[in-house]
Amino acid sequence: MSATERLAGAALGGRRLPGALGIAALLAAWALAAARWPPHVLPGPDVVLRTVLDERALLLHNAARTLWRVALGYGAAVGIGLPLAGLLAGSPLADRQVGSLLTLLRAIPPFAWTPILLLWLGIGDGSAAIIVFLGALFPIVRQARAGFAAVPPALLLAARNLGASPRIYWIDVVLPGAAPMVFSGLRLGWALAWMSVVAAELVGADGGLGQMILDARNLARPDLAIAGMVAIGALAAASEGLLTAAERHTLRWRP
Amino acid sequence: MSRDVTLAGVRHAFVEAGTGRRVDALAGIDLTIAAGELVAVVGPSGCGKTTILHLVAGMLTADAGEVRCGGTPVTGIGTDRVLVFQDGALFPWLTVLENITFGPRAQGRPLDPALLDALGLTGAEARYPKELSGGMRQRVALARALAVDPDVLLLDEPFGALDALSREQLQGVLEDAWLREGSGRARKTMILVTHSVEEAVRLADRVVVVSPRPAVVREVFVIDAPRPRDVTALGEVRRAIGRAVREG
């Protein structure tokens, strides 16, 4: 945070306040609306909070299923996406041939894969993880590819001039040089991973928060559906916070 | 070991980015730099001085003619010829110490511990390039290149962006680093590209004046005054070099 930003923050009465205000306003509006509608249509924040506490075992169980699928799919997207981006950046031939394939595949929304994956793999962690993978892969590849290409040529020349081996060249120069854009891809991919997992679970999955929300509707339990939504939001926000912290730490050298 | 550098009939053209036009940068450069000699190359800006360094560094290939180092044709980038970039080209994600040890680490050698002190960098080891002044950054760039212990050091306007005071300090640092090698180890061969005639006269054994693009060697001046030099006492040769640069 720069001195100017700190001053601006102080002038607003602290940087945390505006964020807290927004959430408080939403809660107040929700409570007011809930007072006018019957609880089987719109349960209030108090009801949902009680549901969260009462159903915490169910929520935790389903949250763990969802997290596992995200971890599998996102992990594969990072593990395959970053080396693939390196290949595309390093080889014009691969960039042309694989690049056009990626453009085509990227145009298909990950959710469109759901029916065919369910047909092939059935309901389970596998098909949900693959949809997460497809959702996260393309932004990760695209941003990392652009990042690799944006490393200043003078730095690459200097690295080779100083005797960098291929391993040092890629790990200690190209990757950190591309890191700002790699992180932007990781964030975009993360957001898409969450959207994809919930969409996949809504269409068909064995457990998970998306499936739990769908079941709650079928059981006429709006409180449980909202509790599930809150859990999804909280997990996504918390994990995004972790990613932001990792980014800030990794890019602390940035001007 | 110290090595000489020779350029014989070196021509180089590049394709201009915007227009796709072929531009002749060098039109037959003949130049020999003796082993352990410090030669300055001066000339109008945009005349292809930097191209000469990139050719010796092996970052570019000559269209015609030959570049040799120690009698062997230059075929690519190598740690025996290290270039110090105009803006330093420090790795911004590495600290001062990590930048300087980059070369030794890549070659699996320890860092010469006297280097940090010689370049006035003691105490700044843990800082990132963004936290350094322009002068400090160029000290790090110089240290990073010297840490590789190259036979030939190529300097591309290394002090061009600095204020007069830092510039003078760094010229002293460079001269000391070069002279330091005289006792015991072989002195490095250095090619310094600069647009400052004063800098060239202060540091170089010989000053090579190149013409505007396409560049050829216009005139060579031998500076045999003892070091450290008082440039105010070298007004005559400075004026002569200045005239040669202006007349191209």
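The legends below describe close-up views of a predicted model. Residues are numbered from 1 along each chain as its sequence is written, and chains are lettered from A and ligands numbered from 1 in the order in which they are written. Local features need pLDDT of at least 70 and side-chain atom pairs count only at pLDDT 80 or more, whereas totals for chains, interfaces and linings use all residues; side-chain values use heavy atoms, with hydrogens and water left out.

**View 1. Chain A has eleven helices and zero strands.** Helices (H or I, at least four residues) and strands (E, at least two) are DSSP runs, numbered from the N terminus. The C-alpha atoms of chain A fill a box of roughly 70 × 60 × 30 Å along the principal axes. Of the 255 residues in chain A, 41% are buried, a term for under 20% relative accessible area, with exposed over 50% and partly exposed in between (1.4 Å probe, protein chains only). Among contacts (heavy atoms within 4.5 Å) in chain A with a separation of 6 or more, 73% are between residues 24 or more positions apart.

**View 2. Helix α5 of chain A is kinked at A:Val98.** The kink is about 30°, where the bend at a residue is the angle between axes fitted to the seven residues ending there and the seven starting there. The 15 residues of α5(A), residues 92-106, should span 21 Å at 1.5 Å a residue, and the end C-alpha atoms are 20 Å apart, which agrees; the expected span is 1.5 Å times one less than the number of residues. A:Ala94, A:Gly99 and A:Leu102 are the buried residues of α5(A), and their cover includes α4 (56-90) and α7 (125-149) of chain A.

**View 3. Strands β6, β7, β8 and β3 of chain B pair in the parallel sense.** Two strands pair if DSSP finds at least two bridges between them. Four bridges link β6(B) (residues 81-84) with β7(B) (residues 152-156), and B:Arg81 stands opposite B:Val152. Five bridges link β7(B) with β8(B), where B:Leu154 faces B:Ile191 as its opposite residue. Strand β3(B) (residues 38-42) joins β8(B) (residues 189-193) over four bridges, with B:Leu38 and B:Met190 as bridge partners. In a regular strand the side chains alternate between the two faces of the sheet. In β8(B), B:Thr189, B:Ile191 and B:Val193 point one way and B:Met190 and B:Leu192 the other, and all are buried. Both faces of β6(B) are likewise covered, with B:Arg81 and B:Leu83 buried on one side and B:Val82 and B:Val84 on the other.

**View 4. An open antiparallel sheet of four strands in chain B has the order β2-β1-β4-β5.** Its edge strands, β2 (22-33) and β5 (72-73), each pair on one side only. Two bridges join β4(B) (residues 64-69) to β5(B), and B:Cys69 has B:Thr72 as its bridge partner. Helix α1(B) (residues 49-57) lies across β1 (5-15), β2 and β4, running at about 115° to β1(B); axes are lines fitted to C-alpha atoms, for helices over the stretch in contact, and angles run from 0 to 180 degrees between N-to-C directions.

**View 5. B:Phe91 and B:Ile241 have the most contacts inside the largest nonpolar core.** This core has 143 residues, and its largest share, 14 residues, comes from helix α9 (residues 166-203) of chain A. A nonpolar core is a set of buried Ala, Val, Leu, Ile, Met, Phe, Trp, Tyr and Cys residues joined through side-chain atoms within 4.5 Å. Not counting residues up to four places away in sequence, B:Phe91 touches residues including A:Leu155, A:Leu162, A:Val173, B:Phe102 and B:Arg144.
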